[in-house]
Structure formats: structure tokens, C-alpha cells
Amino acid sequence: MRAHAVSRLALALAVLATGVTVVLSRSEPASAAIGSPLVHSASARCLDLAGGGTASGVAVQVQPCAGTPSQSWELTAAGELRVFETGTLCLDVPNRSTRPGTALIAWTCNGGTNQQWRMGADGAITGVQSGLCLSPAANGPVAQVATCTGAADQRWTRQSGDATPPSAPAGLAASDLTCRSVTLSWTAATDDTGVAFYDIFHDGQQVTSVAGTATTATLTVVPGAPWGWYVNARDAAGNVSQASDTVTVTPPQCQVDSEAPTAPGNLRATVAGTTVTLTWSPSTDNEAVTGYIVFRGGVQVGVVAGGLVSFIDSGLAAGTTYSYRVTARDAQGNTSPPSATVSASTGQACANPVCAVTQLATDTDIPWGLVTLPDGSILYARRDARDLVRLNPTTRVKTTVGVVPDVAGTDGEGGLMGLAVSPSFATDRWLYIMHTTTTDNRVVRIRLTAGNVLETESRQVLVSNIPRNKFHNGGRLRWGPDGKLYVATGDGQSTSLPQNLNSLAGKILRVNPDGTVPADNPFGNYVWSYGHRNPQGIAFDSQGRLWEQEFGNSVMDETNLITRGGNYGWPSCEGTSGSGCSTPGFIAPKHTYTTASGSCSGIAVVRDALYIACARGARLYRAVISGSNLTNVQQYFAGTYGRLRTVEPAPDGGLWLTTTNSGDKDSVANNSNERILHVQLGG
């Protein structure tokens, strides 16, 4: 496959589309004189010349892949798709047509814009001159151009012997920081066939992609918002590098604002059982009120977005009087005087879905995977410290049971993640663990002795080669009622992988206890469902149905009801956002959340209510499972405990709940201050 460099015209169009300024490096990568099949993702067929013809004007078709020269294509530095049957023919839109449905031909390469193409990060191939997308005809083998829809039927992959990702971009640096923009620069990555794109992220969210010939980009920022920027390199075959180092920048405010908002007025409290609901009149500000801080007895217990004027305080003690006040703040941290104080007395018993909350322990690392052992104790994974800790919930005593071998961090969200206890633990003592290594994500099992010591010499690797990266590693494990282990995997920051059924990234996997592939899996491999971005929550309801919680990119998160072989749409569809969401066969989410109020990780089902722990949203959602839908969605602890990572059923019918407030975007051990909580549930 020849190295891919975007043409100057294609690059200009890309810049206009993204609003990102890019700078080309001084030398463009050289091309190698080999091609590769161009595979239609939905049908697994290859772009081909009709009958293997060699004459200018031969029809282009989509045929079963055969590895012939007529199926070998090069995406050149000029943006041509040149076929290696002759080396002189290019994919051509005849007569410079802009009509959808125009059948394509191969014509003598002439540099015309009707022979120039762009391949997007999602696998769509767009004609520079026509603005239409390469697509197979609805009936028959004809290759044509059609209106771009973002659908799976318009995605292509480069299949070749190139399975080697580029090196990680080095030397990432920030400069020219203003209140609205920052310039990032890096040293070019290397690749055996050439870097095609650089994908630019902050904190796991992809912002844009620039050409592989670019070594700098100027990006939009938000005044006062600290973001951790990093860059991945991607080649034309879709192989994605590991991420660069992270550079955190905090833009200054555009202008100084020292005026505080007015105090919230008319604070009122109503009581239902052990839950207090507060409401107040909005504050005003010379710029804008960005949020409210709620205090109970002088201690901060909640944070509310500026457009909201209510807060629900749950899990309170029965028969107790509490006092509350509220302050407002603006974007520059100016805080209003406090509201008047209001008191509220809870009832003598809990009559609410969520009752008392008890802190069981704190930890200096991030509690990620968490399970209940048969003796009622808690076992949890410390993500960056890479060890397992047993917690007695009665005595509150913690004991380290061992360090998991071969765990590596990613300077992001990798490390020691999911945990599951064997259904036959009483006899086999197996713990199932998902973790990151220096090369991949994998699922292993290790025995825990009767004395609660990790028997590391018993370790068995069950599933390996799950793509890893700085973020998007997934990581949750859950046993199904069918006795199979279900595994949530992220896309490894590569949008080409979730729709690729040969990859384990961006999937829900289904695995036999011994690591083999179940005979009734839909695709003959571990894949159970696909088209996922970064799922970190999976749980089964009383009907044996699998629910999944998934991080979106920048628009919305989603809760899905997973079906065998189902396609959930990423990267063409994020929640219900994107032109690809109408693609036939894509399965819509059961509920969505804005990323600001979501970024949710773990989920648990108790008495057919779904509980969802959210990080950026810093709250716990509760939704009633009614038929195949989620109803009566309510939120609890909005800002009370900060960012929430893991929620699991407790043996008494309540919940275990963990926080993830600091150190969760790096791989530094013991730089956190987290809590492990027990939540008592009511009716």
C-alpha cells in the first residue's frame, strides 16, 4: 500500500469543514509502489474492475475479494485512487457528473478533480469534485457515487498486509495560547507506509483530524477550562498509534470579571421521607450564572448547573433536621452571598427509592472493578496501583490480596479495570480480571486462595489483542445468566474498528469461562454486539437481558439494550445524533444524556431499576425498566460526592458506589482521594 498524503485541494476542503488551521510539514512522505484491496465494510466485498479489464472506461464494481491486481488500489499523494491492474487507470466519475447514482469507471489518470477522493476517519470516501460518496448500487455489483449519508453502507477499509500502526507522535507542545485558541505542535510520527492523519483529542474527546503532512494545528478552546490535549497518528489502512504525551492548558479569561452574582432568593424545602427537595429563585449576574452550590450544615453537598434552580438531597437519616443554604457562581469563580438558610426535618422512615448513604472506606487510588465475594466482603481493583484490595464492610478493615502481573497504565484511563467472580467460585476460586498491558487490553483469570491471597502463578490469559490506547479501553466484566462472561471493550481511539467484525475493539464480547468462543456467538468469534465507542457499564435484568452504558464523544452518552449481533452505530451515530443514525440495522439507544450531565461509567440493576454512575455528570441516575424501555429517570447525588465511577449490587439489596474525583486521567498510583460508599435503597 502506498503512503497516503492528502492533496492540497482536499486539505483545503478539510480545513474549511473543520475550522482548524493546519500547517504542512516541509517534506511529504514518499509513496511505496504497492496497492491494497478497498473493502466495502457492510458486504466485505472489494472494489474491482469488471472482468479484470484493462482498457480506459472499464466499469468499476464491488465483487467478492480475490486478491487480484484489479482489486489493488493506491490512494496517492494527489488524492487519486489508482488501480494496480495497469498502474495507469484511476477511479473516475464520468463526465464530471454530480448526479447521485452515477456509475463509476476506471479512466486514464489525468489529475482531474473528478479523479480525486478523500477517505474520512469513518471510512467514507468522498469525491472532491462531486461531493458524493463512493457506494455500491442497491441492486447488482455496480459501484457508484451517492449522496453522503454517514451510513454503514458507505464505509470502506483498506485491507492489506499493513497491520503496523504508526509510532506515537512525540514532542507535543502548546503555544500561542489565548482565551479562545491554542496552537499544538508535534514531531511527525513514522510509519512503514506513511502517516495519513493525525487525530487530535482532549480528555478522550476527539476534536478534529488533520492531514498526515501536518505537524501543527490551531484549535478552539473555552476560556478558563483546563483541557488535556494529545494526538494520535493514523495510517491509510486505519492503524492508529498510541497517543502522544498529554499537554494540559488552561486558557485565560477573555476579560476580567470581578462582579459576583446576586444571592439566590426564596429558598424553599419540601420533604418526602428521607429526601429533601430544594428550590430557589435564580440569581442574576453581569455576565452569566454558571452554577449553584448547595450547602447542608455548612458543608457542600451539591453542584447545580446555572440553568437549574432545584436540588434533590437523598439518602438522609430519618427523623433528623437539616439546614441548607445556596450560593451562585459565574464563569470566573465569583461567588454570590449565600441565600437565606432554610431547615427541613426528614420523616421517621425512608419512603424513597434511595435512602441512607454510608461511607465504608477511602482510598488513595481509583477503585474501578468491584465485586462482592461469597463471604460478603468487597474485592476491588485499584486501577493505577494495579493491586486488589479486600474490604470487610462490617469492620471496615482493608487488606491487599495481591498485585496483578503485567498490568500497565496508559497515562489516561487504562490499567487494572474490570473484575468478576467465577459463578463456581466456591470450588474453582477463579477471579476474572480485565487489564491493560504495554501492548493490548486482555482478560485473564487468577485464583484467590482460601486465605484470600492472589495466586499469581495460576494466571491464565483468556482473551488478548484487544486494542488499547490512552483512553477508550472499556473494561467492564459481567457474568450472564447463560454462564458466559461478557466483556465491554472501547474503540481504542480508532473509529475504523467498531464496525470491523474482525477486531475486538468497540464491542461487547461473549466468552466461555475457559476463554474459548461460544459456539452460538453470531460471527464465529468473541463478538456479541458492535458499533460501540467506549462502553464501561454492562448489567443484566431479571429477564436475562443485557443493558449497556456507553460514553459519547461530545454530544451525548447512551444506554442500550443489547441484542445478539446488534450494531449500535458508532462512529456514524452518537446516541441519536448524526446523519448515520437512520441507517437501516442500527439499533437506537433506550435513553441518552448530554455529555455534560453524563459521561457515565458503571451500571447495576436492582429489582429491575437501572442505576448509572456518572463521572463528568457527578450524579447517579435511576431508571425503571418497563418492558424494553427506561421510564421515570431520576437523578441523585448531583455533585454530593463528585464524579462516580462504579456501582454494583450489594447483598442486602442496596448498592456499592465508588468515586473517581482525582488522578483518573493519568496512570500515577495513589494520587487520588476516593470513597467507597454503601447506598441503602427503599421501595
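A residue is called buried when its relative accessible area is under 20%, exposed when that area is over 50%, and partly exposed in between, with a 1.4 Å probe and protein chains only. By that scale H202, at 7% relative accessibility, counts as buried. This is a predicted model, in which local features need pLDDT of at least 70 and side-chain atom pairs count only at pLDDT 80 or more, while totals for chains, interfaces and linings use all residues. Residues are numbered from 1 along each chain as its sequence is written, and side-chain values use heavy atoms, with hydrogens and water left out.

**A sheet of eight strands**

- Helices (H or I, at least four residues) and strands (E, at least two) are DSSP runs numbered from the N terminus, and two strands are said to pair if DSSP finds at least two bridges between them.
- Eight strands form an open sheet with antiparallel pairing, in the order β5-β6-β7-β8-β4-β3-β2-β13.
- The edges are held by β5 (73–75) and β13 (156–158), each of which has a single partner strand, so one side of each is left without a neighbour in the sheet.
- Neighbouring strands of this sheet are turned by 40° against each other on average, direction ignored, where axes are lines fitted to C-alpha atoms, for helices over the stretch in contact, and angles run from 0 to 180 degrees between N-to-C directions.
- Within the sheet, strand β4 (residues 58–64) pairs with strand β8 (residues 105–108) in the antiparallel sense over two bridges, and V58 has A106 in β8 as its bridge partner.

**The surroundings of H202**

- H202 belongs to strand β16, which covers residues 195–202.
- Leaving aside residues up to four places away in sequence, H202 touches V207, W227, G228 and W229, a contact being heavy atoms within 4.5 Å.

**Backbone features in loops**

- Most residues other than glycine have a negative phi, and most peptide bonds are trans.
- D176, a residue other than glycine, has a positive phi near 50°; D176 sits in the loop between β14 (170–175) and β15 (181–187) and is exposed, with a relative accessible area of 59%.
- D406 likewise has a positive phi, near 65°, and lies in the loop between β32 (398–403) and β33 (416–421), where D406 counts as partly exposed at 47% relative accessibility.
- The peptide bond from W570 to P571 is cis, with omega near 15°, and P571 is found in the loop between β43 (556–562) and β44 (591–594).
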